[in-house]
Amino acid sequence: MQRFEGNNASLEFLAGRLKAGEVVALPTETVYGLAANALNPTACRQIFEIKGRPLIDPLIVHVGSQNAARRLAEWPEKALLLAEHFWPGPLTLVLPKKKLVPDLVTAGRDTVALRQPAHPLALRLLTGYDLQLAAPSANPFGYVSPTTLDHVEASLGERVAWGLEGGPCQVGVESTIVAVTKAGEVGLLRPGGVSVEALEQVLGQPVNDLRRAAPDHVKEGLAAPGMLARHYSPSTPLALFAGGETPAVGEGEAIVWQKRPASGPAIDGQTFWLSEDGNPAVVARELFGMLRRLDERGFPRVWFELAEDSGLGLAINDRLGRAAAKR
Ligand code: TXA
Ligand code: MG
């Protein structure tokens with residue numbers, strides 16, 4: 001992978017590569033993405049090949065503006081309201097698609113997932129060169145998402161020609177995905193960087209958790225196929241425990257707390273924490289890096305303390321649950 005600093009010349013060059021149908025690893029505020037021109041199915045096909053991702057798993061299309069997004073989907077009122085409040089940012093809207101979007105991108109569905117990312121370099125690429133970019137997280141299918149360009153290079157460096165340096169991702173977990181139907185129903189497909197509480201406050205209506213309710217389109221794991229139980233998985237076996245509990249950590253195993261322990265275990269090379277004070281924004285930002293670092297250490301097992309199941313904690317616990325799921 002050839003790495004580029006985020007200046008005008010780099011952006012100009014990489015935009016040219018994208019228009020020519022090539023794939024670029026680029027930063028967003030959530031995680032790094034593996035991007036290709038969303039309107040070019042041949043370009044997008046490479047994303048699936050590079051990631052080893054099944055073709056039934058649709059891609060998120062990144063846009064530079066709400067206007068660009070209108071060309072790609074139908075916009076129910078509630079979706080407009082959400083985009084108004086949360087774009088650019090870590091919210092993906094699944095909306096009825098328009099013809100312009102290739103079937104390969106949506107895996108043949110009649111909906112498309114759209115997001116305007118907040119990372120300044122991603123935004124400059126999208127708006128400055130009128131690009132619409134399909135981009136999943138830039139990791140091999142089923143592995144932990146990358147929050148630095150080094151992470152991308154470590155697991156996909158041989159297979160991706162171009163990478164844009166954008167620093168460590170500030171959110172650190174992927175976007176929240178919600179589906180908005182023409183009838184105005186809003187359902188959660190994946191918790192992420194925008195909390196459900198924030199969505200509900202703006203909407204003035206509940207957001208149904210479609211992960212549990214399992215209506216027709218979620219059965220068979222079809223609503224968001226990437227939400228397979230085992231996802232984001234490191235090779236080290238993980239075990240989870242509820243906040244405040246003290247698990248039976250075995251010989252040589254590691255333990256990761258949400259915040260620095262006030263007393264108890266000393267700094268012993270096996271005790272870690274994701275934040276000083278338990279701030280969920282910090283925990284989310286550090287989580288994937290910690291999973292990757294510990295995966296390199298070869299611990300027989302790593303114990304993770306769960307977050308509170310609200311706000312960003314919902315996304316943190318979701319990712320921990322998937323990372324720990326048995327293969
Ligand atoms: O934060 C993010 O969302 C990152 C950055 C790069 O934007 N992207 C990301 O993409 O996480 P990916 O492909 O790793 O996860 C996208 C999820 C998948 O689970 C996919 O199944 C789901 O979105 N998805 C995409 N299109 C969909 C659709 N039309 N209906 C339902 N789910 C969809
Ligand atoms: Mg992913």
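Guide: Before we start, helices here are DSSP runs of H or I with at least four residues, and strands are runs of E with at least two, both numbered from the N terminus. Please keep in mind that the model is predicted.

Visitor: Is Q116 buried or exposed?
Guide: Q116 belongs to the loop between β6 (111-115) and α6 (120-128), and its contacts beyond four places in sequence include W87, P88 and G89. A polar atom of its side chain lies 2.5 Å from the backbone oxygen of G64. Because the relative accessibility of Q116 is 9% and the cut-off is under 20%, Q116 counts as buried.

Visitor: Which elements do the buried residues of α2 pack against?
Guide: Helix α2 covers residues 41-51, and its buried residues are A43, C44, I47, F48, I50 and K51. At the N-terminal end, N40 caps α2, with a side-chain oxygen 3.0 Å from the backbone nitrogen of T42, while just after the helix G52 takes a positive phi of about 70 degrees. The buried residues of α2 pack against β3 (33-37), α5 (103-106), β7 (133-134) and α7 (149-156).

Visitor: What distance separates the C-alpha atoms of A15 and L131?
Guide: A15 sits in helix α1 (residues 8-19), and with a relative accessibility of 3% it counts as buried. Leaving out residues up to four places away in sequence, A15 touches L125, Y129 and L131. Although A15 and L131 are 116 residues apart along the chain, their C-alpha atoms are separated by 7.9 Å.

Visitor: Is D130 buried or exposed?
Guide: D130 is found in the loop between α6 and β7, and it has a positive phi of about 50 degrees although it is not a glycine. Most residues other than glycine have a negative phi. Since the relative accessible area of D130 is 53% and the cut-off for this class is over 50%, D130 is exposed.

Visitor: What is the relative accessible area of A107?
Guide: A107 lies in the loop between α5 and β6, and it takes a positive phi of about 55 degrees although it is not a glycine. A107 is partly exposed, because its relative accessible area is 27%.

Visitor: What is the radius of gyration of the protein chain?
Guide: The chain holds eleven helices and 15 strands, and its C-alpha atoms fill a box of roughly 60 × 45 × 30 Å along the principal axes. Buried residues make up 56% of the 327 residues. A compact globule with 327 residues would have a radius of gyration near 20 Å, and the protein chain therefore agrees with this, at 19 Å.

Note on methods:
Residues numbered from 1 in each chain as written. Chains lettered and ligands numbered in written order. Predicted model: local features only at pLDDT ≥ 70, side-chain atom pairs only at ≥ 80, totals over all residues. Heavy atoms only, no water. Rg over C-alpha atoms; globule rule 2.2 N^0.38 Å. Buried < 20%, exposed > 50% of the residue type's maximum accessible area, 1.4 Å probe, protein only. Contact = heavy atoms within 4.5 Å. Polar contact = N/O pair within 3.5 Å; in protein donor to acceptor, adjacent residues only side chain to side chain.
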